[in-house]
Structure formats: structure tokens, C-alpha cells
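Subject: Structure handover

Hello,

Here is the structure I promised to pass on to you. My notes on its helix packing and strand pairing follow below.

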Amino acid sequence: MSSMPLVLVTGATGYIGGRLVPELLTAGYAVRVMARHPERLNARDWVDDVEVVTADATSRADLRLALEGVEVAYYLIHALGTGSGFADRDRRTARGFAVMAREAGVRRVIYLGGIHPQGERLSPHLESRREVGEILLDSGVPTTVLRAAVILGSGSASFEMMRYLTERLPAMVAPRWINNHIQPIAVRDVLRYLVGAASMPPTVNRGFDIGGPEVLTYRAMMQRYAAVAGLRPRIIRAVPVLTPRLASLWVGLVTPVPPAIARPLVGSLVHEVVAKEHDIEEYVPDPPEGLIGFDRAIELALAKIRNVDVRTNWASASTHGAPSEPLPEDPDWAGGSLQVDDRSCEVNCTPEALWSVIEGIGGAHGWYSWRLGWVARGLMDRLFGGPGLRRGRRDPHRLTPGDALDWWRVEAVVPGRLLRLRAEMRLPGLAWLELSVEDAAGEGATFRQRAIFYPRGLFGQAYWWAILPFHGIVFGGMQRNIARAAERATGHVVSAEQRRR
């Protein structure tokens, strides 16, 4: 066991938390992570080096257990994109955490918030983050609040929004806020500040603005991104008529970031977000080579994307309003309210070849059936605030529990055998898709595919029966095309009649 202080990281399944844990381990800290769904951490390469605690930040009993013996606690919980009432949830959760941290004798709390101007009416999400920082500073526990603007790193929501806007739109009409000044910061510098804050003296109880070495407009950031990415200069025209709400809808249509998350990001950019001081340097000195500049941060992020080394991303967090219940395993459910489309077929290939196709599903590979139908349903989902199909996948070849996969969330993976996906699209019920591989009686493999739906109320039942006629096109086509892809990969193609059981 490490002789260093015990550190608790909340939000370990999120973008920053998932990257902070290995940095703390490298620095020698003993780390405990807190998660509502710890199974989502199973594929992290650091999971065996930390203590994992199952806890909900809204439960004081859970917090009491999670904070026991902790000297430094990282509060990385944000209600970004969680719909109406988020400010009350943020406020209650932060107050509960502050009380339990004080009772547990925690030596320091560290919170990552956002830079905000003084004397202006802030966007609701920026105001909430400011308020959470104040609650923690008033907790009676020495607290460090780090305030950042746009964080530049592969997988961050701010970076992905800028990336897709720039790459997909060679010419665009944009809101006036693209001329506002912003002080972006590389995620590596954010992590360095977070780790360094753990060793601040007990007399420090304050906030610090943290930013990179350059102040740019959002327009300049997009042009600089285009130059680094090898794109032509973008044509950008600012207009006064795009409100933050309209701009977030526009961002939601062009980028994978849904409007529910784009809205608070856009709302923050309405303000000039520039660091007013650099006092953090007294406690966490700048590295000898200086802070990472904008162009270098973009180069590092794009290199991670090209090398398929994006360890965490904004989609790591669950989508608000999406079901979180696992597939019911209780026998009482069998034959009850669950609606099931169950299909099996024999595939003339090895189980390994079939599994390779199954695990590569979604994202750029698509869903192997009626592409127009999937695209139309994805657009409809985004119009109603769902994730649609644009989240893609974190890794093009490998899936782990907790990964976002278009409008699904990976619920379970048994390598070589089972992939279970839980729907996070807007639905009048709960839905899962199971793809499994079994050894055939002779040569080859058996491919079983189950679409499972638990309807909510009369509308849920009506929804199931309305889409039932399309199952043959969607699910039947998916099964046939996955089987053919696996057979082509091994040089075997059989007819539908041979495949039918």
C-alpha cells in the first residue's frame, strides 16, 4: 500500500475523472474511486490499482463510507446536460458532500469549475458551477476551486464541438460570441494542476483561474484548428440573431454533441472567459518548458484520435433521461411485460470471426441494415433531445462496459460470446439489444440476436406494435448482413436457405 495520503476521486467514469486517476497513481497517491456504476470501470487499465466504492453522491450514507479515511477528495460531479432542475440537484449534492467531507475529517476538497466574469448575468450552468464552488469553499474544509475555460483534449465536449464544426463546415454563419475572447487550456495542464492541488497547505481556501498561454477568439480557435488539421481556412460570418438556444440546436445538428450538452457549452461562450490571475503558479509552478500552447494541444489531441488512444470522452457520462436499469434477469419477467424479437441462425465461419464483426458494430461500421431507417430514427431522436447516432464509438475495434455506442450504452460484454446494449434513445419504455455467439453442433457458429423492449404504459405498447412490421427489415437484415460479413471474412458465403434454422 502507498504511504501517500488516501485520495478519493468522484466522477471516475467521466472525462476528467477517468484521466485524473492514473495521474494520481503515477504521483504515488493511494486512490479510491467512487462510482454509481463501478462495472463501467472494469476495462480501465488502472482498476486493479485502486479501491472501488459503489456509491451515489446524493446518499449521505454512501458518502460516509466513501470518505472514511480520505485526506483529499476530488469533487468532479457536474449536472451538464441533465435538463431542468439541474441547479437544485447540483446545489443539494454539493451541500451533502460538503457536510460529509467535514464530518469525515477530509483535509482538502478539490473542485474543477469554470472561469466566469464578475458583475455579469451568467448562463444557468456557469452560475451553477460558480455556486457549487462557493458551497465547497464555505464547507469548513480547506478547498481548492480550479476554474477553466475551454479544455483542449481528445474526447472533451468543448474540443469535439469545435472539431466537428470546423471540419464539417468550410463556410458557416455563427453567433456573435465567436468574437469573444477565450483562454483555452490543454487537458494535460488541467490534470497537472489537479494533481498539484492535493499538496496545497491547509491555509489555502480559495479559487484559482487556470488557462493556457494564449487568449484567442472562438473564430481564431477554429481557424487555428483548421491550419493544424491541414484544412483550408474557414469562411465564418457572425450574425446577431442566433440565440444560445438556437445555436445549441445548430451545434446539435452538425456535431455529435447533443443540444442538451451543447446548450451549456454555448451559454458559457457567450461570456469573455479569460483568466484574471495566475496565482496558482505559487503552489503549482509552471513546467520549465511552459504551458502547452493552442496548436500543440490540438496536435496532441489529433494524434490521440489517429492512434485510437482516446481513453475517456464526453459520452462516458450517461445521457440524462436515458434508462439506467440493467436488463431484468428475474424469472418473474419471463413471458410478462417484456416484448422480445428473438432470432437465431447458423453461420459458416468460426465463432471468433463472427465475434469480430459483432464487436465492431456501430460507429463508422454502421448497423448492417436499412441505413436510411437508422439515419431517420437517429435524426428524430436528436430532435427530441436524445443522442442520435453521432456519438459513434470510442474504439473502432473493442467495446467495454459503459462505452457509448451511437444511441446505445454497452451494458455487458463477455468476450467472444455476448454483447448487450441498452438503448439511450428517447423511447416510451426500456430497450436492449443482445448479440451472442455459440458453438454450432457441427462446424461454424450459432448467431443469436434478441431485441427486448419493456413498454411503459399504453403508449409504450402502441409503440412496439407500430414498429413490429419493420423488425424483419431492421433486425432480420442486421442478422443476415452480420452473418454474411463474418462469412466473407473467412471466405465462406452460404445462402439464406442454408442459414435458416
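Let me begin with a pair of helices. In this predicted model, helix H3 (residues 86-103) and helix H4 (residues 124-137) have axes that come within 9 Å and cross at roughly 15°. Under 35 degrees counts as roughly parallel, and H3 and H4 are therefore roughly parallel to each other. The crossing of H3 past H4 is right-handed. On the H3 side, the contact is made by Phe 86, Ala 87, Asp 90, Arg 91, Ala 94, Arg 95, Phe 97 and Ala 98. H4 brings Pro 124, His 125, Ser 128, Glu 131, Val 132, Ile 135 and Leu 136 to the contact. By class, this contact of H3 with H4 has 9 nonpolar, 2 polar and 4 charged residues.

The next helix pair has another geometry. Helix H5 (residues 157-168) packs with helix H7 (residues 218-228) at an angle of about 70°, and their axes are 10 Å apart. With 65 to 115 degrees counting as roughly perpendicular, H5 and H7 are therefore roughly perpendicular to each other. H5 passes H7 in a right-handed crossing. From H5, the contact takes in Ser 158, Phe 159, Met 161, Met 162, Arg 163, Leu 165, Thr 166 and Glu 167. From H7, Tyr 218, Met 221, Met 222, Tyr 225 and Ala 226 take part. The residues of the contact of H5 with H7 divide into 9 nonpolar, 2 polar and 2 charged.

Now to the strands, starting with E4. Strand E1 (residues 6-10) and E4 run parallel and are joined by 3 bridges, and Val 9 has Tyr 74 in E4 as its bridge partner. E4 also pairs with strand E5 (residues 108-114), again in the parallel sense, over 4 bridges. Here Ala 73 has Val 109 in E5 as its bridge partner. In a regular strand the side chains alternate between the two faces of the sheet. In strand E4 (residues 72-75), Val 72 and Tyr 74 point one way and Ala 73 and Tyr 75 the other way, and all are buried.

There is also an antiparallel sheet to look at. It is open, with 6 strands in the order E14-E19-E18-E17-E16-E15. Strand E14 (339-347) and strand E15 (404-405) are at the edges with a single partner strand each, so one side of each has no neighbour in the sheet. Within this sheet, strand E16 (residues 408-414) is joined to strand E17 (residues 418-423) by 6 bridges, and Trp 408 stands opposite Ala 423 in E17.

Which helices lie across strands of this sheet? Helix H14 (residues 471-489) lies across E14, E18 and E19, at about 25° to E14. Helix H11 (residues 351-359) lies across E14, E16, E17, strand E18 (429-439) and strand E19 (445-455), and runs at about 155° to E18.

Is H11 enclosed or open, and why? Of its 9 residues, 7 are buried, so H11 is largely enclosed by the rest of the structure. The buried ones are Pro 351, Ala 353, Leu 354, Trp 355, Val 357, Ile 358 and Glu 359. They pack against E14, E16, E17, E18, E19 and H14.

Best wishes

How values were computed. Residues are numbered from 1 along each chain as its sequence is written. This is a predicted model: local features need pLDDT of at least 70, side-chain atom pairs count only at pLDDT 80 or more; totals for chains, interfaces and linings use all residues. Side-chain values use heavy atoms; hydrogens and water are left out. Axes are lines fitted to C-alpha atoms, for helices over the stretch in contact, and angles run from 0 to 180 degrees between N-to-C directions. Helices (H or I, at least four residues) and strands (E, at least two) are DSSP runs, numbered from the N terminus. Angles under 35 degrees count as roughly parallel, over 145 as roughly antiparallel, 65 to 115 as roughly perpendicular and the rest as oblique. A crossing is left-handed if the near helix is turned anticlockwise from the far one by less than a right angle, and right-handed if clockwise. Contact means heavy atoms within 4.5 Å. Ala, Val, Leu, Ile, Met, Phe, Trp, Tyr, Cys and Pro count as nonpolar, Asp, Glu, Lys and Arg as charged, and the others, Gly among them, as polar. Two strands pair if DSSP finds at least two bridges between them. Buried means under 20% relative accessible area, exposed over 50%, partly exposed in between (1.4 Å probe, protein chains only).
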